[in-house]
Amino acid sequence: MRHLRPVTAVALSAALLTAPGIATLSPVYAASSATTVATANPDPAALKARIAALMPKGDTATKRALDRLISEPSSIDGTQYQCGPTEFAAWQKRSTANWTADDFTILDNLGAFDLPTYDALVDGSENDPAYALRADAQVMTKTMRKLEKFWDIKSDDIQLMAMHGDMLRDTARTSRMYQIAYELPKAQADELAAILAQYIAQPKFEYGNHPMFTLNAFAFTTYGEPIEGVGVVGDRIVMGDGILRAYREMGYGDVAPQAILAHEFGHHVQFELRMHDDHPSPEATRRTELHADASAAYFLSHPRGMSMQIKRVTQFLRVFYSIGDCGFSSDGHHGTPLQRERAGNWAYQLQESARPKGRILGSVEFARLFDAVLPRLVAPDARAA
Ligand SMILES: [Zn+2]
């Protein structure tokens with residue numbers, strides 16, 4: 001539910017997806033095996049045809065259920081807000097400069113941008129080495145402990161784990177996700193897993209470790225209710241290797257791991273306070289995203305939190321999740337960069353004016369004050385032409 005999606009990549013590949021002919025199975029290819037097709041220079045048309053033949057035609061019920069956990073609709077009128085190309089968009093463009101249009105289509109059609117997330121959702125566990133934190137592990141573990149003490153919610157059951165793109169080469173794991181999320185029979189799932197493992201084994205994809213495949217951080221709860229086809233998913237925060245690396249490469253490595261984690265933890269505060277209503281809307285999503293930003297800034301700048309400089313925190317918030325920032329009609333709009341910066345500055349002022357100095361507000365009181373100031377944070381800011 002509380003999430004970040006590689007909107008640019010998905011939007012790009014979705015556009016390419018509509019190319020005609022993909023849904024027809026090439027008769028030449030139909031007789032050959034996955035191993036044959038996925039050799040060094042597979043014919044992209046044949047590959048796309050085979051993938052289309054193997055994958056389900058529409059979203060399955062389980063995939064929809066999983067996607068509901070990680071996305072919400074959005075249709076805020078973007079023309080009212082200042083929003084432009086972002087550092088993040090530039091980074092994404094740079095980092096995929098040698099990917100072809102076929103690469104995006106084939107990988108997207110194979111679900112490569114979603115499989116690590118589904119895998120972490122369905123099978124992830126804090127105690128499983130496959131989901132162990134790698135980069136920034138120490139700072140995130142330390143930040144998590146501080147967050148648990150800082151906010152007055154029940155948090156000892158929240159598991160903190162990572163997702164790694166190298167799972168895309170693990171045919172047992174990807175086949176399992178094709179079977180669960182895409183509801184495919186084992187033979188089909190195995191063939192797709194083999195195609196993916198071979199396709200991803202290229203230097204330009206870093207054999208799965210390219211940040212695009214794990215460009216996400218998520219907070220999950222199912223409130224103890226089972227997900228169709230999956231069962232109960234325990235409370236967790238999943239940190240993608242890719243998102244951490246992207247921000248490190250953009251020069252935010254000193255603040256990104258702590259800030260992203262604090263934002264995701266803010267969503268768990270919301271879960272505990274039941275701040276999400278049953279009828280998600282773009283405005284509701286923006287409210288919870290900005291509340292998560294404000295919670296993060298409050299914790300990060302607070303002397304009993306991380307004591308970070310608020311200027312650095314708000315610099316980060318401006319670029320944070322900026323792939324979704326201007327996606328007013330995309331899934332899960334997070335608020336514009338300016339709104340996010342305002343949310344951060346508001347939380348900082350709140351912290352600075354606390355009496356006695358250093359007092360930590362309870363999560364209910366914090367949320368009440370935030371809701372009172374929200375209309376000011378999201379007031380239209382586009383300058384008249
Ligand atoms: Zn969020």
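Modeller: What follows starts with the ground rules, then moves from the sheet to its helices. This is a predicted model: local features need pLDDT of at least 70, side-chain atom pairs count only at pLDDT 80 or more, and totals for chains, interfaces and linings use all residues. Numbering starts from 1 along each chain as its sequence is written.

First, the setting. The chain has 18 helices and five strands. Helices (H or I, at least four residues) and strands (E, at least two) are DSSP runs, numbered from the N terminus. Of the 385 residues, 47% count as buried; that term needs 20 or more other C-beta atoms within 10 Å of a residue's own, with C-beta atoms placed from the backbone.

Now the sheet. Three strands make an open sheet, ordered β1-β5-β2, with mixed pairing. Two strands pair if DSSP finds at least two bridges between them. The edges are β1 (159-163) and β2 (217-220), each pairing on one side only. The twist averages 15 degrees from one strand to the next. Angles here run from 0 to 180 degrees between N-to-C directions, and axes are lines fitted to C-alpha atoms, for helices over the stretch in contact. β1 pairs with β5 (residues 236-240) in the parallel sense, over five bridges. Within β5, V238 stands opposite M161.

Two helices touch this sheet. Helix α8 (residues 115-123) packs on it, touching β1, β2 and β5, and its direction makes about 150 degrees with that of β1. Helix α12 (residues 241-249) lies across β1, β2 and β5, at about 50 degrees to β5. Contact means C-beta atoms, placed from the backbone, within 7 Å.

The axes of α12 and α13 come within 10 Å and cross at roughly 135 degrees. The crossing is right-handed, meaning that the near helix is turned clockwise from the far one by less than a right angle. I243, L244, Y247 and R248 in α12 meet A256, P257 and I260 in α13.

Finally, α13 itself. 16 of its 18 residues are buried, so α13 is largely enclosed by the rest of the structure. Just after α13, R274 takes a positive phi of about 55 degrees.

Conventions: Buried ≥ 20, exposed ≤ 12 C-beta atoms within 10 Å, placed from the backbone.
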